[in-house]
Each structure stands twice: as C-alpha cells, then as structure tokens.
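The chain and its model are shown first, and the description follows.

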Amino acid sequence: MILGGSAPPGHVAILHSSMERGESLARVLRTAGHQVTVVRPGAGALPTLLTASPDVAMGTLYFGDHLLKDTIAAARHALKAELPLLIVIGREDADAVVSSDEVIREPVDAGELTLRVGSLIARQVERRGLQKKIDQLAGLNRTSWAFSLAGGSETLFGQIAKLSADALRAEKGLVLLYDSQRREMQAQGPGFGLSREQAERVRYPVDGEPRDRWNFRINGPLLSNHAFSDPHLVPEMVALLGLRSALVVPLTLGPQILGLLLVGDRVGAVPFRDEDLGVLQAVAGQAAVSVENQRLHEQIKEANAQLQEYDRVKSEFVAIIAHDFRSPLMAIRGFAELVLEDADLPIESRQEFMQTIMDQTDDLARLANDTLLISRMETGKIQYEWQDMELAPLILEAVPLGLSRHSVVTDVPAALPAIVADADRMKQVLTNLLNNAVKYSPEGGAITVRVRERGDQHVVIEVADQGLGIPPDQVGRLFQKFERVRSDEHLRISGTGLGLYICRKIVEGHGGQIWVESETGRGSTFSILLPVNARQATQDAQEAPDAHKSNGADKKNGAARSAPA
Ligand code: ADP
C-alpha cells in the first residue's frame with residue numbers, strides 16, 4: 001500500500017554516495033514538510049544516524065566503502081528497533097539485487113519520492129504505535145508479576161528500576177521516594193546500572209527550588225535529552241548519575257506523590273521521545289501500587305510484631321499475677337473466716353488476724369499498682385515530668401518511719417548540685433531501695449544513704465544495708481521482672497520481684513544506671529548513677545543512641561556485683 005499526501009511528516013536520513021545528489025533529494029523532501037538529515041560517509045556516519053534517530057533512511061546501494069544495508073543493519077542493531085530503508089538505484093546498478101523496504105530508480109521523480117517516503121513514514125508510525133502498545137503490555141505484565149514476587153523493599157526498588165530501564169531500553173533506572181521529614185526525594189537502593197555510592201547520595205529537594213526547576217506536582221513527567229544543560233533538573237543529581245538524557249515521572253497514588261521514577265541514557269545514545277513517557281507512566285502506575293503495598297506490608301508486619309510482644313507480656317503477666325494474687329487472697333479469706341466463725345476468739349488473736357488481713361491487703365494493692373505501672377512502662381505510655389529539684393529533701397522523705405531495729409545514716413554533702421529529674425519517680429526508686437534494705441535485713445542494723453557528685457555531670461546515690469545479702473550467682477537476675485533471690489530466708493519475706501525492675505526502668509528512663517554489690521550474710525549496696533540533668537541526657541541519648549552506653553560506672557572486684565543495668 002502506498003500512502004500519499006495524507007502521510008504525516010517525519011524525519012528522513014539521506015545517505016547518498018554523492019553529497020550533491022543527496023542535498024537535491026533533501027530539498028524535495030523538505031518541501032514536502034519532512035525533516036531531513038544528510039549523513040556524510042565515513043567514521044561519523046553511524047553515530048550521526050543514531051543521534052538523528054530518523055523514521056526512515058534512504059540512500060544509494062553503496063555508501064562510502066560499504067553496502068548501505070550494512071550500515072543500516074548496524075543502526076537497527078544499536079537502536080534495537082526497525083529502521084525502514086529506501087534504496088535509490090542508480091543507472092549503473094540497474095540489475096542489482098536489492099534488499100530494502102522500498103526502491104526508487106534514477107532519475108528520481110519528486111512526486112514518486114514524496115509518495116514512497118510518505119508511505120514508509122506512515123508504516124513506521126503505525127509500527128511504533130503497535131510496538132509501544134506491545135511494550136506497555138509486556139512491561140505491565142512483567143512488572144505486576146515481578147513486583148508481586150518482591151522479597152523486601154530493597155528488592156522491589158531494584159526490580160522497578162530494572163524493569164523501567166528495560167521497558168525504555170535505557171542504561172539506568174532509579175526509584176526516589178518522598179521523605180516528608182526531610183522534604184526531599186531520596187534514592188532507594190542502588191537502582192539499575194548505578195553503583196550504590198552513586199545512588200545513595202542522590203537527593204531531589206522539594207522546597208526552595210529555583211523557579212525553573214521542574215515541579216512534578218504541577219508539571220507532571222519530564223523528558224530531557226540534554227540533561228547536563230537542562231535547568232529543570234537538579235544539577236547535582238545529573239552529575240552524580242552521569243545522566244545524558246532522562247525521563248522522570250512521578251509515582252502517584254491518587255493525589256499523593258509517593259516519589260519519582262527515573263530512567264536515563266537510552267541505549268545507543270538514542271534520544272527519548274514523547275511516546276516513551278507513556279510507557280514509563282504505565283510502569284510507574286504499577287510501581288506506585290507495589291510501593292504502597294510494600295509500605296503497608298511493612299507497617300502490618302511491625303504492628304503484628306508489636307501486638308505479639310504485647311500479647312506475650314500480657315500472658316506472662318496474667319500467669320504470674322494470677323499466682324501472686326491468689327496467695328494473699330487465700331490468706332485474707334482464711335483469717336477473715338477465723339474471725340467470723342470463732343466468736344470466742346481472744347481479742348489479741350482477733351487483732352493479730354485483722355493486722356495480717358490489713359498487711360496482705362496492702363501487699364495486694366502494691367502488686368496491683370506495680371503491675372499497672374509496668375504495663376504502662378512496657379507499652380511506652382509513661383511520660384517523665386522533668387523538674388528542677390534537690391536530692392537531700394527527697395532522700396529524707398523516702399526514709400521509712402518508725403524503725404525500731406534499724407538505724408538510718410544519711411551522708412549527703414551540703415553543696416550538692418540541684419538536679420533535673422521526675423521527683424515522684426525518683427522518690428519511688430529511693431523508697432523501694434530503702435524499704436528493701438529494711439525488709440531484707442530482718443535482724444536490723446545500719447542503713448546508709450550516701451550521695452556523691454561525679455565530675456562528669458553525674459551523681460551517685462548508694463543505699464547500703466547489713467542484711468541477708470545476695471548470693472553471687474543470683475545478683476545478675478534481680479533487675480529482671482519477677483526475679484527474687486531463691487533462698488528460704490528471702491522467700492519467707494513477702495515480695496513480688498517487681499520493685500527492682502521498676503527501679504531499673506525509671507533510672508534508665510532518666511539516662512542513668514543501677515547496680516548492686518553484695519556479700520551473702522553481710523549486706524548489700526545498691527547504687528544509682530544519675531545524670532545531673534536527666535532531660536538533657538535522655539535527649540542527647542536519643543540523638544546519638546550509641547554514645548549513651550559508654551557512661552557506665554567503673555567495675556570493682558571482690559564481692560558479687562551486678563553489671564550496671
Ligand atoms: P520484692 O522485694 O517485692 O521481692 P524487688 O524487685 O524489690 O522485689 O527485689 C527483688 C529481690 O531482690 C527480692 O525478692 C530479694 O530477694 C532481693 N533483694 C532486693 N533488695 C535486697 C536487699 N537489700 N538485700 C537482699 N536482697 C534484696
């Protein structure tokens with residue numbers, strides 16, 4: 001089929017053995033509205049042809065020292081695309097066997113030339129349209145298949161980059177995602193055809209862009225065949241990726257821009273065309289859905305892990321609490337029954353039983369409070385209320401009243417710095433340590449509270465007793481939940497094993513550390529290392545998570561000692 005005047009204008013490359021004849025053919029085609037590139041024979045012929053990337057090539061049987069069809073075959077190979085060829089047969093080649101899409105004989109008639117070139121361009125446009133559809137379908141098919149198989153986000157971004165580059169016959173591909181904190185697009189993984197170092201440094205700022213910088217929200221996709229001098233692109237990104245040409249389309253999900261999909265440098269230095277944007281947009285549509293799915297998947301995984309952890313903590317709690325609540329309840333019930341059923345019970349016994357009921361009730365209330373506090377701590381619901389405070393009055397408030405067998409010695413220097421801490425929580429820690437000191441030294445003895453300043457903006461608080469002490473093999477465990485010393489002497493004393501765990505959590509929440517040194521039968525010393533300004537210390541630790549771990553107290557030898565917890 002030969003199409004005439006209705007054929008669209010196109011781009012024709014003329015490779016004629018005579019430059020003069022080539023130019024005269026070019027004039028005819030330009031008059032018919034076509035763009036023409038006249039290619040000179042020699043080493044530069046193929047690169048010129050590839051850069052022009054014409055719709056049709058035409059020329060004489062021989063071009064320079066080669067058959068023209070060989071040059072065209074090389075161009076087709078480099079372009080990985082069809083390039084229709086029209087051969088002009090000279091009088092001397094009248095009998096030659098010609099392999100081309102169309103032939104035209106010398107002397108060339110202007111009308112016939114326009115007609116034949118027009119027909120080839122029309123076919124080429126049709127073929128490109130079809131090829132585009134095939135590419136789109138194949139690309140979509142591949143992407144949906146591959147994206148759904150993706151293992152993790154890094155694999156997914158790598159696959160999107162590779163598939164996009166493949167679909168566009170480009171050498172490079174990269175996914176950038178929008179980081180709302182930094183307000184910039186950030187490269188994800190090494191992409192395709194790029195090194196990790198190259199890709200990792202790629203940033204595409206969203207704010208403060210020069211007016212002529214491309215705004216994907218407003219301007220949509222971007223095509224640039226001269227990336228280096230294109231004011232629309234971020235020059236640092238172009239330089240980092242060494243881009244000659246680029247197609248960039250936004251990854252959108254409804255009105256939301258998730259990121260950008262970039263491909264660069266067409267194989268064989270062929271320029272990108274407008275229709276390529278359509279292909280990349282089709283891939284980007286699929287990719288955006290996969291990226292969002294991946295993000296949701298990660299979120300669900302995280303939430304699931306957290307739920308499982310909550311569930312585990314809850315079950316553990318329920319099991320232990322059920323046990324720990326039952327014993328005092330049974331005691332309360334038993335004593336209440338005795339008082340109720342025996343009307344003749346002597347008044348002293350009655351009072352003794354009622355006191356036991358009161359003590360057990362207090363224990364239960366404490367257990368309930370501790371349990372509640374721990375569950376709030378473990379689910380991150382505790383907020384510390386930082387305030388300026390003095391340590392000395394706090395220590396005095398925490399000392400238990402009405403001790404008969406114990407003496408309490410406080411050794412607190414007058415010139416102690418004011419500290420920043422949560423006063424209620426710190427009082428809870430000191431009260432707990434002091435109550436333990438009393439509880440676990442049933443024979444009585446001295447209890448000493450000592451405070452010392454440490455040069456590096458810290459204070460150390462010690463609570464020492466002369467009681468039961470802790471066997472060396474058990475000191476390490478005691479700051480864990482529900483851990484108690486497993487000895488008859490200790491277990492005879494009522495306790496839940498929650499106090500020291502709460503102390504550790506609070507002290508750590510202040511950016512500090514707690515540990516114990518002890519000798520069985522001779523007593524224990526619990527120590528707290530506390531930053532003078534807990535608000536500052538916890539903020540610093542959040543900004544540099546590793547730095548916080550190094551402020552430990554120095555270790556001593558000798559008696560059993562837990563590592564600073
Ligand atoms: P509780 O005292 O309610 O059992 P804690 O968590 O406060 O819970 O203490 C855990 C365990 O550590 C106690 O059960 C006890 O065995 C041991 N312990 C705590 N303080 C002392 C101390 N001053 N001397 C000896 N043992 C102690």
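## The second largest cavity

P84, D101, L120, R123, Q124 and R127 line the second largest cavity, where a cavity is a set of points on a 1 Å grid over the protein atoms alone at which a 1.4 Å probe fits but cannot get out, and lining residues have an atom within 4 Å of a point. By class, this lining holds two nonpolar, one polar and three charged residues, with Ala, Val, Leu, Ile, Met, Phe, Trp, Tyr, Cys and Pro counted as nonpolar, Asp, Glu, Lys and Arg as charged, and the others, Gly among them, as polar. Its volume, the space filled by probe spheres set on the points, is about 40 Å³.

## Basis of the model

The model is predicted, with local features needing pLDDT of at least 70 and side-chain atom pairs counting only at pLDDT 80 or more, while totals for chains, interfaces and linings use all residues. Residues are numbered from 1 along each chain as its sequence is written, and side-chain values use heavy atoms, with hydrogens and water left out.

## The largest cavity

A search of the whole structure finds two cavities of 30 Å³ or more, and the largest has a volume of about 330 Å³. Of the 23 residues that line the largest cavity, N436, Y440, L478, E483 and L500 are the closest to its centre.

The lining of the largest cavity divides into nine nonpolar, nine polar and five charged residues. Its largest share, four residues, comes from α12, a helix being a DSSP run (H or I) of at least four residues, numbered from the N terminus.

Methods. 1 Å grid on protein atoms, 1.4 Å probe; cavity = no way out; pocket = protein on both sides within 12 Å on 5 of 7 lines; lining within 4 Å. Helix = DSSP H or I, 4+ residues; strand = E, 2+ residues; numbered from the N terminus.
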